[in-house]
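This walk-through takes two kinds of interface in turn, one inside a chain and one between chains. Please keep the sequence and the 3D view open while reading.

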Amino acid sequence: MLDRRFLLLATLAAPAAARAQPERHPLLSAPWPEVVAAARGQTVFWNAWGGDDRTNGFIAWANDRVSERFGVRIRHVRLRDTAEAVARVVAEKAAGRIDGGSVDLVWINGPNFLAMKDAGLLFGPFVGRLPNARYIDTEGKPATVTDFTVPVEGLAAPWRMAQIVYVYDSATVKDPPRSIPAMLAWARANPGRLTHPTVRNFLGATFLKQALYELAPDPEVLATAATDTTFRPATAPLWDWYEAIRPHLWRRGQQFPENGPAQRALMNDGEIDLMISFNPSEASTAIANGQLPPSVRTYVLERGTIGNASFVAIPFNAAHKAGAMVVADFLLSPEAQAHGQDPRVMGTFTVLALHRLPPEERARFERLPRGVATLTDAELGRPLPEPHPSWMTRIVAEWERRVTP
Amino acid sequence: MGTAGHALSGAARSGALLRAAPALTSVLFLGPIGAGLAGTALPAFGWLPAIGGEALSLAPWRALLDAPGFAASLRVTLTTGFAATLLSLGLVVLFCAACHDRALFRRAQAVLAPMLATPHAALAIGFAFLAAPSGMLARLLSPWATGWTRPPDLATVNDAAGISLVAGLLLKEVPYLLLVTLAALNQVRAPALMRAARTLGYGPVTGWLKAVFPVVYPQIRLPVYAVLAFSLSVVDVAIVLGPGTPPPLAVLAVRWFLDRDLALWFPASAAALLLAAIVAASIAAWHVGERLAARLGRRWIASGRRGGGGGAAASLAAGAISLVVALSLASLAVLALWSFAGPWRFPDAMPRAFTTTTWDAHAGALAAPFRATVAIGALSTLAALALALLCLEAEARFGLTPGARALWLLYTPLLLPQVAFLFGLQVMLVRGGLDGTLAAVIWAHLMFVLPYVFLTLADPWRAMDPRLARNAAALGAGPWRTFLAVKLPVMLRPILVAAAVGFAVSAGQYLPTLFAGAGRVATLTTEAVTLSGGSDRRVVGAYALVQALLPLAVYAAAIAAPPIIWRNRRGLAVA
Amino acid sequence: MSGLVLRAARIALGERALVGPLDLAVPHGEVVTLMGPSGSGKSSLLAWICGTLDPAFRAEGVVAVDGEDVTALAAHRRRIGILFQDDLLFPHLSVGGNLAFGLPPSVRGQDRRARIEAALADAELEGFAGRDPATLSGGQRARIALMRTLLAEPRALLLDEPFGRLDVGLRERMRRFVFDRARRLGLPVLMVTHDPEDAASAGGAVLHLLAGGAVRRAEPDGEVADALPA
């Protein structure tokens, strides 16, 4: 929910002009041990989406680790939507609150990251100061430095990788569609067995973005900002395809699950046989937790699927910057990365370059169980980059226009 | 002389304070509502300087009307609102008319009261588990009766017409209206009127409708309006059971209020204000309907038609009410079942295994919202009790008679859509730097707890034998001592019941926690509604079950306590 | 036999016998009075006769009106009228509305209005049709209550201490009013009361309900004999 503190100042007096960031915050040039010392005793308010209990569990584990090791506590502020945290920082800036902000760390990417970066709301660049940042796989995983075509420039630290996979129930689906046009044919043959979350949700929007990649006449244009002239011709084939497939979706395309977990519940109940997911390990983890039947498997499309990285960023006015930096560094540590990749925990892939790790750290990853429904790195292939965030905003608006009666 | 004068003026001062209690309570309680409405009305016309709204304009209204699905949203709001109210009132009237001489009627009060303690959201979540195409009912019938090995592609919940929303609303509204009607029947000497009607040759149903209903309805008019207002503006049940594209107007407004794009606050405020206008207009339309019905009714009464034995109506009514009760109990039971379930796939009627892993895994996460719910509930109920008792005492001591206007004032927060004034209330809280604090949430809850506590307590308090107080005074006890040592103990049972009711109301609040707490305060209800979006049914079941059982436990304690406390005082132990 | 007939009537509450065994016949146009102290079960007997007895009581026996056995009939089919201490005028209907409530549905339109006017005239309350019952005096309300009961064309009339709430001065007038009309219509009347004046005014047979349920007839010289045989 949004913080309206700024309204107090706005209504009492003219809002203080937002002052520019001081040139170089001392924390950005201090040696790391000083940062750790400054962080001791702080409570970091980490604003992160709270809709998935596995991620919530991971954050709780991280809290245990950093509090015993560094004396830093993490308070997980559960959001229904990352946009809430963005709005809060925006509001605080408008009220002239340049420190002591209520958001210390925010799990962010895509349009939200772009919004904060453009509005000068991020602290940093701080990633280069983190000791564990040297292990980030910037060549093999370019999404760690370019988020949705926007250069990160050290203003946000990556902490997990995501790539689109499609999950299907191998007990009932023998030959899942490997391309977008094939998906239309499959939906026609199996009406009501495919759906996607509402496009207001990031996963639902990505369902359409993935289709757009294959159907757009010129995919290069997706790397640039969408304009009125480019949007229509690029998306026309997408909408044709969508209007054709929609009547064959679950509930005849009139109703959509709210988010990823809701969609997963539908597959578990047997209401659908095919669904999109951002987590290559989701299927294995769900099987382990009894949230999906043991027969589910994953696959990617022949032409590749979109992948991105999730980041944590520190707002410019965070009250506990040192603590936030310590937490961000911990998240990049091999221990935390391996724990997150464990299919029994979250199952999300690491952002680290395994070949750069010392052998004992690399062993952590090699010990991890793969999961019966998880593809290998080779099978996943190189992920397609995300389009510019402006495409998503327009797609969401257009979808809403078409779908609501 | 001097000391006596001082004592007198001291008494006069505390007397003046007490006398002002009703007025103070109104201010404390209605002030935020008025300010809240203003705080929502201004942005509805474009005025919110802090985010760039510098000039009054109709742009928010244009944006609202242009929003995709606005017309459908409006239609769904009106149809579900009126349908739920008409159906629940109709069921209650049918039941009272047809079954008033049956034994189960007398027991109904005891059975229904605990049902009211369950929060709406928990019942809605449980009902969704029952009614979904992959839900309990389908599983029980599959595949032997229906031939389904996979869930059918039927929209039985979240359907666009709002039928499941209406069903979910009925589960709470029917018991509420029935309890209110039963209380009113006690006051209008219904059995005597029925005796007159029956011996004049009128069948039980027709007699009740002609002789008793017209006398009872004015007593339940305000609760019916409250049900209408609630059905039109409910958010948490609509999120769980109602259509999603487009949702009812209240959900649409909340969605926009929570959006990252701050510019959406303007059409959100417009939508909230529109909803307030819709509720007001609907209540007015209902009032016109009452007059019409009264006119037709009088003609029907004057015709002298006697009506039949009413056996068919009685079976129908008893069956319908039993269905409502059964569905409510089943909704709770299925929550419990899911929370202890191991792997469970359609179409198995029972889980393959039972396990406590869900509880073990989430007990820690449940602790914080549990504590918050208990703290907020306890404190808001205590505050409401204190205010209600002070007002009632002031009434008794100074002979203030509450008029109909006082009753309407008390009902105001129940008749206004929450979303219409909670946004503005948050603005007020920000002025005081209080938003996001527990205190703010408690105050927001107080606005809804107080009417229920007051209404539950008022009748028993006013019916208290005045001679008790007079005797105490004659024995030399001052008014405060009488209050503390005589009135409170005698009224312990009604006070505890009122407290249980207040706690249940607080435990079920969703929007006030969300707005006043600025999303920082998590209660069992906010967590359950958030998770109901789609997490694992086992986790949702656990959260919703705790959310449901907590107020029930409080209610049970409130009922069980007086006989224990008064075990040596038979006069007080029994109601 | 015609009129109101009770055969082997017994009423008990739990273990306690309240009334019975009782055999009674009330001929047309006659008033039989049953006397006994408060709480002795007199009202329960009347409730049983008109069919509104609370299920907590146990009752046996036969009630017959004009030769028809009505014991098994529902209360609203028996056509036995009853007047209570409380006039029980419906507060939401006007005086005329209350009277109309009593009229059978077979009487229509103009006829209904005429019958109501006639009833008002009979009660010496012309022009009161549109009045709110709450604005009437106790005596006026009692008269309207009787007229309402009579308009329903009952076959028998029961009176449950109907004059107790009225001022003492009014009582005799009211008694005359009730008994006259009942006799005129040939109704068998059974009255229960604890006021001996009521019994004296009725002029008919007087029975006493004793503890344990026995019913004894009162002789003109004040002695109490056994109940009348059927």
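Between domain 1 and domain 2 of chain C the rule finds two salt bridges, a salt bridge being a side-chain nitrogen of Lys or Arg within 4 Å of a carboxyl oxygen of Asp or Glu. Asp122(C) forms a salt bridge with Arg181(C), with 2.8 Å between the closest N and O atoms. On the side of domain 1 of chain C that touches domain 2 of chain C, the residues divide into four nonpolar, no polar and three charged. In this division Ala, Val, Leu, Ile, Met, Phe, Trp, Tyr, Cys and Pro count as nonpolar, Asp, Glu, Lys and Arg as charged, and the others, Gly among them, as polar.

This is a predicted model, in which local features need pLDDT of at least 70 and side-chain atom pairs count only at pLDDT 80 or more, while totals for chains, interfaces and linings use all residues. Residues are numbered from 1 along each chain as its sequence is written, chains are lettered from A and ligands numbered from 1 in the order in which they are written, and side-chain values use heavy atoms, with hydrogens and water left out.

The domain bounds, which come from an automatic or database domain assignment, are 4–79 + 154–227 for domain 1 of chain C and 90–144 for domain 2 of chain C. The centres of these two domains, taken over C-alpha atoms, are separated by 26 Å. Seven residues from domain 1 of chain C and seven residues from domain 2 of chain C make up the contact, where contact means heavy atoms within 4.5 Å. The two domains bury about 520 Å² between them, 59% of it on carbon and sulfur atoms; buried area is the accessible area (1.4 Å probe) that two parts lose on being put together, summed over both.

The second interface joins chains. Chain C contributes 25 residues to the contact and chain B 26 residues. About 2100 Å² is buried between chain C and chain B, with 67% of it on carbon and sulfur atoms. Of the area that chain C buries against chain B, His76(C), His92(C) and Phe101(C) supply 33%, more than any other three residues.

The residues of the side of chain C that touches chain B comprise 15 nonpolar, seven polar and three charged.
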